[in-house]
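Have the viewer open and follow along.

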Amino acid sequence: MRPDIVDLVLPAPLRDRLAALATVHPRPVTDFGTGTSGPGAGGVDSGAADARGTTLPADALAATDILLTGWGCPPLDAAVLARAPRLAAVIHAAGTVKGHVRPEVWQRGIAVSSAADANAGPVVEFTLAAIWFAARRALGGAADYHRGLLPAYGDRRGADGAVVGVIGASRIGRGVIARLRAATAAYRILLADPYVTPEQAAALGAELVSPDDLCRAADIVTVHAPDLPETHHLLDARRLALLRNGAAVVNTARGRLVDTDALTRECASGRLDAYLDVTDPEPLPPGHPLHSLPNVLLTPHIAGAQGTEVQRLGAYAVAEVERWIRGEPLLGAVRADELARIA
Ligand SMILES: NC(=O)c1ccc[n+]([C@@H]2O[C@H](COP(=O)([O-])OP(=O)(O)OC[C@H]3O[C@@H](n4cnc5c(N)ncnc54)[C@H](O)[C@@H]3O)[C@@H](O)[C@H]2O)c1
C-alpha cells in the first residue's frame, strides 16, 4: 500500500497483532519488482527503502502466503503471481479490490477479502446526515435565508412521512435502510435494485419499485449502487425530471451514476437540491457551477473511512488474517462471480 497510509491503516498495536501471527515484511511494500509500478522494476530489491516504500524482494515474494494490501497496491497480475507460488490469500484493508486483484488471482484459487464492511459504516452515517438535512430542506432553506427569506411555518418540511428512495441494496444501501428504520422519523422507504425480490425488500423494510417510480415518488433519492456499465447515468436527465419540485439527490456512491450536467441544470434552476460526496469528473474543476450553488453541498469524497477511522480497515484486515490462519471462513470474502454486480 502507499507508505504514507501505513501508520493510519496499521498503527503499532495492529502491527504487533500481525507480528504475533506471522513473519511480516519489515518495510511498507509498494511494488513487486515486476515492472508494474514503483522504483524496483527488474525484481531486485534496491535495499534502500526510500520515502516511497520498497520493492518486495523476489525471495520474500516467493515465500509469501498472505498479501495484506491497501490503497495504492499495484496490480496483482500474472507476472506477480508467477513469482508468488505460495500465495494463498489477498486480504485488502480497503473497499473495492477491482483496482488491483486481477482475474488470475481467483483462477489460481487464491482467497480474496475486502474490508468494504468496515468502510460502510462512515458512509452510512454520512448519508443519514445528508438525508436528515434534505428531509428538512436545509440547503434550500439556507439559500432562501441568505437572501433574507424566512420560510412560513406552513411551508416547512418535516421528516415524518418523507419518502426516501434508495437505489441499490448494497451493503451501504442496506445500512442506510436499517438506520432510516431505526430513526425517530417515520420515513417511507422505497428501494430500486434489480437483484432484490419484493419479499427481500419487504424484509429490509422497504417497498421494491422501479427506478422511474422511485423518482416519481421520492422526496429524497439516495444512490448506493456500484459503478458498473449498467449504472452509468442511472439518474439521467429524464429520471431527474421525474423528481418533484424541491426534492433532493444524495450521492455518496460514485459520480458516474448521475448525469452531472443534468443535475447541475436542475440545481441551478432551484428545482432540486443535492448532497454530493462524489462527482463526475472527480475532482470537479474549479469554477464548476456545483461549487457555488447554495442548494448544493459538495464534499470531496470524504464519506468513507478517513483520519482516525482508517484503522477500522486495518483492524478488519488483521482479523481476516487471524481467521484465515485459524482456518475459519473470511467474513469479507470476495468471489469472482460477484464482480459484475458489486463495487
Ligand atoms: N463516498 C465514499 O467514500 C464511498 C465509500 C465506500 C463505497 N462507496 C460507494 O458506495 C456504493 C456502494 O458500495 P457497497 O460496498 O455498499 O456496494 P456493494 O458491493 O455491496 O453493492 C452491490 C449491490 O449493489 C446492488 N446493485 C448492483 N447493480 C445495481 C443496479 N443496477 N441498480 C441498483 N442496485 C444495484 C446489488 O444489490 C448488489 O448486490 C458504491 O458505489 C461504492 O463505490 C463510496
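What follows covers the model's basis, its domains, the ligand site, ring contacts and some backbone details.

## Basis of the model

This is a predicted model, in which local features need pLDDT of at least 70 and side-chain atom pairs count only at pLDDT 80 or more, while totals for chains, interfaces and linings use all residues. Numbering starts from 1 along each chain as its sequence is written, and side-chain values use heavy atoms, with hydrogens and water left out.

## Domains

The protein chain is assigned domain 1 (3-114 + 308-338) and domain 2 (119-298); such bounds come from an automatic or database domain assignment. Taken over C-alpha atoms, the centres of domain 1 and domain 2 are 36 Å apart.

## The ligand site

Which residues come nearest to the ligand? Of the 26 residues around the ligand, they are Ile172, Asp193, Ala225, Gly304 and Ala343; a residue counts as near if one of its heavy atoms lies within 4 Å. The shell holds 13 nonpolar, eight polar and five charged residues. Here Ala, Val, Leu, Ile, Met, Phe, Trp, Tyr, Cys and Pro count as nonpolar, Asp, Glu, Lys and Arg as charged, and the others, Gly among them, as polar. Helix H6 (116-135) and helix H8 (171-182) each give the shell at least two residues; helices are DSSP runs (H or I, at least four residues) and strands likewise (E, at least two), numbered from the N terminus.

Asp193 places a polar side-chain atom 2.5 Å from a ligand oxygen atom, and a backbone N or O atom of Ala225 is 2.8 Å from an oxygen atom of the ligand. In the side chain of Asp277, an N or O atom lies 3.0 Å from a ligand nitrogen atom. The protein covers 91% of the 870 Å² of accessible area that the ligand has on its own, by the Shrake-Rupley method with a 1.4 Å probe.

## Charges over rings

Arg156 lies over the face of Tyr153, 4.2 Å from the ring centre, and the charged end of Arg341 sits over the ring of Tyr195, 5.6 Å from its centre. The rule asks for NZ of Lys or CZ of Arg within 6 Å of the ring centre and within 35 degrees of the ring normal.

## Backbone details

Two peptide bonds deserve a look: Asp280 to Pro281 is cis, with omega near 5°, and Glu282 to Pro283 is cis, with omega near -5°. Pro281 is in the loop between strand E11 (273-276) and strand E12 (296-298), and Pro283 also lies in the loop between E11 and E12.

Arg137, a residue other than glycine, has a positive phi near 50°. Arg137 is in the loop between H6 and helix H7 (138-146).

Note on methods. Polar contact = N/O pair within 3.5 Å; in protein donor to acceptor, adjacent residues only side chain to side chain.
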